[in-house]
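Thanks for asking me to look this over. Here are my notes, point by point, to read alongside the model.

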Amino acid sequence: MQFTSTRGRIPPTSIDVALVAGLAPDGGLYVPTCFPRPDFSVPAPSLAAMATRTLAPYFADSALRERLDAICVDAFCFDAPLRPLDGAADHVLELFHGPTAAFKDYAARFLARALEALRDPAAPPTTIVVATSGDTGAAVAAAFHRRPGFRVLILYPEGKVSPRQAHGLECWGDNVVAYRVDGSFDDCQRLAKQALSDEALRAQVPLGSANSISLGRLLPQAAYYAHTATDYHARHGQPLNFIVPTGNLGNASAAFVARAMGAAVGEIRLACNANDTLPRYFAGDDYAAQPTRTTLANAMDVGAPSNFERLRHWHADDAALRAAFVADSVDDATIRDTIRAAPDRHGIVPCPHTATALSVLQTLREGGDTRPWAVVATAHPAKFESIVEPLVGHAVEPPPALVECLARPATATRLANDYRALVAALGT
Ligand SMILES: *Cc1c(COP(=O)(O)O)cnc(C)c1O
């Protein structure tokens, strides 16, 4: 199986090259040249087994082929339960049972294990530079923590993440260092990109990236959609539709990949916060990236969704792409109302990101939609307790992994919003 770039200016390449490189040399995003069609007619015994089934065709020529199953067993070691809510057709797909209580754990764990297996043990250590608005940095830190041959350098915007998110970035130690940058998330991303494209720096300090455009983050996420949809279809004889809280479009693109591979994924709805670049586009406007707005669902505060380039590549034209998705924007007041009402209305406490999807579900039901829907729960509400607890009026019990993380001491160093400061931090 071969891979090319969304910009089409590279020769077809192997998945191993694409995983290590992250971004294609022509500045585009890596994509498979076609979508394989594994057998999704019968459920798999476990999420890990479905991950192997989903990913095996992509890894047919990989040096990791024989180890793929072991990597999937290790990466997909916590469940993604689909819970029915009160109404028979309403469900929530819980993707937050991993070490940092957000869905990004799955793909970060897969990527860390794949990169470790691909690296030359004699090479100097690789520093993974990750800019984060909260959840990515923690998932990447947890996934690479104590992995030989890797260091992780986290850049996050001071004061822009929840206290528990900050703790989750700062509690690792060993080969992980966290820097709170005196700036915005966009500043952090700019610093990381500048380092990753600085050839002189990279000659001295081997750098790697684990951001959401990496194929090693995108493809593994198709596994939980394939698993959930295949199980659902086996039991109910119909596809399951998904509402995906969306920022950079990584998670929703994975749902699309699962559907393109033949899994029984029905409609995919994008639930966005007040950052409405995608809702505007899908409603018919020309694509126009917007400046980022700060919202309660901070992991979705994205004005220029990076995976959009992949979705456009996979569709013949704008009309075809617009036919494949519907996108809705949910403002902060509605996020608050949805969280407040959710315990009575649905019997759950959602995180602010999950609340955007829950709000879209409510709108669908009010409009008379009776199809089966799964709201994708992207993070545990206890990670955002300062928002959620006052709205529901009681404490939200953190899951065991979060309790463990909160019990560890946390340290971060302040970093000026300045490239020279980052270069110094990289130890040159
Ligand atoms: C990252 C994140 C999202 C957005 O996912 P994308 O793949 O960037 O669209 C939504 N919710 C939570 C909790 C996240 O951490």
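1. A definition to begin with: two strands count as paired if DSSP finds at least two bridges between them. Please also keep in mind that this is a predicted model. With that settled, Leu-93 stands opposite Val-376 in β12. The strands involved are β4, residues 90-94, and β12, residues 373-377, which pair in the parallel sense over five bridges.

2. That pair belongs to an open sheet of six strands, ordered β3-β4-β12-β9-β10-β11, with mixed pairing. At the edges you will find β3 (82-84) and β11 (326-329); each has a single partner strand, so one side of each is left without a neighbour in the sheet. On average, neighbouring strands here are turned by 25 degrees against each other, direction ignored. As background, strands of a sheet pair through backbone hydrogen bonds, either parallel or antiparallel.

3. Next, the helices on this sheet. Helix α9 (residues 215-236) packs on the sheet and touches β3, β4, β9 (240-245), β10 (265-272) and β12. The direction of α9 makes about 150 degrees with that of β9. Helix α10 (residues 250-260) also packs on the sheet, touching β9, β10 and β12, and the direction of α10 makes about 170 degrees with that of β10.

4. How do α9 and α10 pack, and at what angle? The angle is about 65 degrees, and the axes are 7 Å apart. The crossing of α9 past α10 is right-handed. Residues of α9 in this contact include Leu-218, Leu-219, Ala-222 and Tyr-225, while those of α10 include Gly-250, Ala-254, Val-257 and Ala-258. By class, the contact divides into ten nonpolar residues, four polar and no charged.

5. Thr-246 deserves a look of its own. This residue is found in the loop between β9 and α10. Is Thr-246 buried or exposed? The relative accessible area is 3%, and the cut-off for buried is under 20%, so Thr-246 is buried. A polar atom of the Thr-246 side chain lies 2.8 Å from the backbone oxygen of Val-244. Leaving aside neighbours within four places in sequence, Thr-246 is in contact with Ala-252, Leu-270, Ala-271, Cys-272, Leu-278 and Met-300. Thr-246 and Ala-299 are 53 residues apart in sequence and 8.8 Å apart in space, C-alpha to C-alpha.

6. Please turn now to another sheet. Five strands form an open sheet in the order β8-β5-β6-β7-β13, and the pairing is parallel. Here β8 (207-208) and β13 (413-415) are at the edges, each with a single partner strand, so one side of each is left without a neighbour in the sheet. Strand β5 (residues 126-131) is joined to β8 by two bridges, the strands running parallel; Thr-127 has Leu-207 in β8 as its bridge partner. Helix α6 (residues 163-170) packs on this sheet, touching β6 (150-157) and β7 (176-181). The direction of α6 makes about 155 degrees with that of β6.

7. A last point on β6. Six bridges join β5 to β6, and the two run parallel. Within this pairing, Val-130 stands opposite Ile-154 in β6. How many of the eight residues of β6 are buried? Seven are, leaving β6 mostly covered. When you look at the strands, remember that in a regular strand the side chains alternate between the two faces of the sheet.

Notes
Residues numbered from 1 in each chain as written. Predicted model: local features only at pLDDT ≥ 70, side-chain atom pairs only at ≥ 80, totals over all residues. Heavy atoms only, no water. Helix = DSSP H or I, 4+ residues; strand = E, 2+ residues; numbered from the N terminus. Axes fitted to C-alpha atoms, helices over the stretch in contact; angles between N-to-C directions. Contact = heavy atoms within 4.5 Å. Left-handed = near helix turned anticlockwise from the far one by under 90°. Nonpolar A, V, L, I, M, F, W, Y, C, P; charged D, E, K, R; others polar. Buried < 20%, exposed > 50% of the residue type's maximum accessible area, 1.4 Å probe, protein only. Polar contact = N/O pair within 3.5 Å; in protein donor to acceptor, adjacent residues only side chain to side chain.
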